[in-house]
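Me: Hi! Could you walk me through this structure while I have it open?

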Amino acid sequence: MLRFTLPRDLYYGENALDVLKTLKGDRAIVVVGGGSMKRFGFLDKIVSNLKEAGLRTELFENVEPDPSVETVMKGAAAMRTFEPDWIVAVGGGSPIDAAKAMWVFYEYPETEFEQLIKPFSFPQLRRKAKFIAIPSTSGTATEVTAFSVITDYAKGVKYPLADYNITPDIAVLAPEIAETMPKTLTAHTGMDALTHAIEAYVSRMHAPFTDPLAIRAVQMVFEYLPASYEGDKAAREQMHYAQCMAGMAFSNALLGIVHSMAHKTGAAFSGGHIPHGCANAIYLPYVIDFNKKNAESRFADIARAVGLQGASDAESVDRLREKIDAYNAILGIPKTLKDFGIPEAEFKEKVANIAVLAVGDACTGANPRRTSPEEMEKLLNCVYYGTRVDF
Ligand code: FE
């Protein structure tokens, strides 16, 4: 039995936040990250809309980037005291991801965190509350996905949680919120969305329901990302929708090894964290070359959908890879991990272990080509030095 799950409702466009005025219930908890939603006045707007609906409102603030198990447990405890019937998560990926996990422990306080690590094994939610997600960035698409990433800092491990129970009930795409993204974040999150769409389209789990969403998302990212990067408001709005469509695709078709590599390299080096979308953007052209052995016609479909027609599928795939390289250049994204600034000695010391971890990542299973740790190590070397993948 296969399944395709999306939020029940999606509100978008001008005044999308007005949907909050129409909610039925008694209490809403608003889960939010740092100060930017407050600074730009969106938090006040959200709270006042909820009050207009007659809901008592409480805030759970300061969810950190890469939210911790502790934050999740604190938020769940706050929910158990306040007993909201709506959870309203606002911000980038982190507060929304954290709120999804809080939701589980609010409804099932006796659950152990370890029990949630097994994918698609969550208890039935919505006994106490429903969930609204309002994203402030245009990339992770967590507002429509069945995923949440929580970090156990004591163990130094990131846990990707996955279950359709945590797919939100309502996603609100308010373009004015995404307009406030800084330029670099716009570039990184936009390339994250492109990676979601491409990995979903070539995934072993791709389906008739996910393909059109993935293809249209790729077309829209190529069309709107450069102008969105330059701050064009109309383009920002279209990117906000494109990333959401990519999310609808990958929540159901899953991802591939671009994400496996990004997950396991993101915090691996002492020189600093590689932002998720930036890592994906660097790796994507190399992984296309690696995966084309098994998915050439699928990549060629994508190429043709964006007007890149070679004399053969192989040539079309080359054009697609070159186009992604060109976008990375426009967006100020380096070509290699070396250019990103990872020291060579540290890379050499860690690459074998990272390769093993990347192969073991939850995203590897849906990748179109089976990947051994040896191949992954070779691939990571190509990504570091900028050599062409030819194996
Ligand atoms: Fe991603």
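**Helices and a metal site**

Reply: Happy to. Let's start with helix α7 (residues 211-229) and helix α10 (residues 276-305), whose axes come within 9 Å and cross at roughly 50°. Keep in mind that this is a predicted model.

Me: What do we call the way α7 and α10 sit to each other?

Reply: At roughly 50°, α7 and α10 are therefore oblique to each other.

Me: And is the crossing of α7 and α10 left-handed or right-handed?

Reply: The α7 and α10 crossing is right-handed.

Me: Switching to the metal: which residues coordinate the iron ion?

Reply: Asp-192 (OD) does, along with the NE2 atoms of His-196, His-259 and His-276, at 2.1 to 2.2 Å. Along the chain, these donors follow the spacing D-x3-H-x62-H-x16-H.

Me: Where do Asp-192 and His-259 sit in the chain?

Reply: They link distant parts of the chain, 67 residues apart: Asp-192 belongs to helix α6 (residues 183-202), and His-259 to helix α9 (residues 257-265).

Me: Are those two, Asp-192 and His-259, buried or exposed?

Reply: Both Asp-192 and His-259 are buried.

Me: What about the geometry at the iron ion, with its four donor atoms?

Reply: The site is irregular, with angles of 83 to 168° among the four donor atoms.

Me: New topic: how many residues of α4 are buried?

Reply: 15 of the 15, so α4 is largely enclosed by the rest of the structure.

Me: Nice. And what does α4 span, from first C-alpha to last?

Reply: Helix α4 (residues 93-107) reaches 22 Å, which is close to the 21 Å expected at 1.5 Å a residue.

Note on methods:
Residues are numbered from 1 along each chain as its sequence is written. This is a predicted model: local features need pLDDT of at least 70, side-chain atom pairs count only at pLDDT 80 or more; totals for chains, interfaces and linings use all residues. Side-chain values use heavy atoms; hydrogens and water are left out. Donors are N, O and S atoms within 2.8 Å of the metal (3.2 Å for Na, K and Ca); water is not among the atoms, so sites may look incomplete. Four donors count as tetrahedral if all angles lie between 85 and 135 degrees; four count as square planar and six as octahedral if opposite donors are over 155 degrees apart and all others between 65 and 115; anything else is irregular. Helices (H or I, at least four residues) and strands (E, at least two) are DSSP runs, numbered from the N terminus. Buried means under 20% relative accessible area, exposed over 50%, partly exposed in between (1.4 Å probe, protein chains only). The expected span of a helix is 1.5 Å times one less than its number of residues. Axes are lines fitted to C-alpha atoms, for helices over the stretch in contact, and angles run from 0 to 180 degrees between N-to-C directions. Angles under 35 degrees count as roughly parallel, over 145 as roughly antiparallel, 65 to 115 as roughly perpendicular and the rest as oblique. A crossing is left-handed if the near helix is turned anticlockwise from the far one by less than a right angle, and right-handed if clockwise.
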